[in-house]
Amino acid sequence: MGFDEIKGQDRAIKILRQVINNKHLAHAYLFHGPDGVGKKKAAITFAKALNCADFEDDVCDICVSCHKINQGIHPDVTLIQTEKGEIKIGEIRNIIRGMIYKPLEAKNRIVIVDESERFNLSASNAFLKTLEEPPVDTVIILVSSNPDMLPQTVISRCHRIPFSNIPTRTLTDILIEKNGLTPVAADHIANLANGSVSKALSLSSEEVQGIRMDILSVLSGKGNVKGNLFDLAEQYSKDEKIFYEALDWIYTYFRDIIMMKVQSDLNLIINRDFYDHMISLKEKISLETLLDIIEYINSVYKGQERNMNRQLALDVLGIKIMRSIA
Ligand SMILES: [Zn+2]
């Protein structure tokens, strides 16, 4: 993985290449921008670039240093990340303690902190001291999609590298190249992914696409689908992640019909492969009813924190939909 493989972040990558070519290294960087757009990948690639034995506008990816960083076994490159929850003071102390020594093998020791807004207060304070008196040969990279949650005192000591949403067209190309989707399917999914590569890749997985086809086929009464809406409700309410994926597709379907009612730009329609059916429903269902369905779906999204009964929620939604179509 080199800079060339990080798509849609030309501005950030250009700055990082300049830093390496000019050898004007700051002690601390903040890579910030939306979720799933390549910030962590860029941080790891930057760590490789700073230590690559054969860097020429991009990392070689085969020298000993690149290899060790790729395998996650380089002694001087540390990636701190949490599954869920906070970054703990203990972890930070261990790392800060290690910083008093010179790097073992590398030109530059690199510490990457993913989701750095998850610092708890004492971890933040401990880290702040390090940022005030940074050890020589050490580069700290904070990665965050919520930089506003970081203390201002931390942010002000970092050189900021901004990352942006990935353009839809770039996402489409990535989906065609990586997941072998047809241009039409890739375009649908890219539109849904809101500029995030990771969201686009997860939406294009076979599992999610299976859920999409089941849901949309039932809603449009076409295809070879055994169950009706209520069978699907039972099936999809068992698992929380699948439940929300199913809900997302129901949402996009009715959102599409609303878009068709209020404007005529085909580019704004997500489920274009169901266009024919949606256009006939568009005549049958009033805007008021459509908005009522969307409002109910939004209340189900919000019900997540209140231990909502998922199957009941989908059953009620099914009844609303049946009534509106009948
Ligand atoms: Zn290399």
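Visitor: Which residue in β4 is the bridge partner of Leu-30?

Guide: In β4, Leu-30 has Leu-142 as its bridge partner. This is a predicted model, in which local features need pLDDT of at least 70 and side-chain atom pairs count only at pLDDT 80 or more, while totals for chains, interfaces and linings use all residues. Residues are numbered from 1 along each chain as its sequence is written.

Visitor: And how many bridges join β1 to β4?

Guide: Strand β1 (residues 28–32) is joined by 5 bridges to strand β4 (residues 138–144), and the two run parallel. Strands pair if DSSP finds at least two bridges between them; strands (E, at least two residues) and helices (H or I, at least four) are DSSP runs, numbered from the N terminus.

Visitor: What about β5, which residue there partners Phe-31?

Guide: The partner of Phe-31 in β5 is Ile-161, and 4 bridges join β1 to strand β5 (residues 159–162), again in a parallel arrangement.

Visitor: How many residues of β1 are buried?

Guide: In β1, 4 of the 5 residues are buried, where buried means 20 or more other C-beta atoms within 10 Å of a residue's own, exposed means 12 or fewer, and partly exposed lies in between, with C-beta atoms placed from the backbone.

Visitor: Switching to Asn-21, why is it exposed?

Guide: Asn-21 is exposed because it has 11 other C-beta atoms within 10 Å; Asn-21 belongs to helix α1 (residues 10–22).

Visitor: Last one: what separates the centres of domain 1 and domain 2?

Guide: Taken over C-alpha atoms, the centres of domain 1 and domain 2 are 42 Å apart; domain 1 covers 3–162 and domain 2 covers 205–325, with bounds that come from an automatic or database domain assignment.
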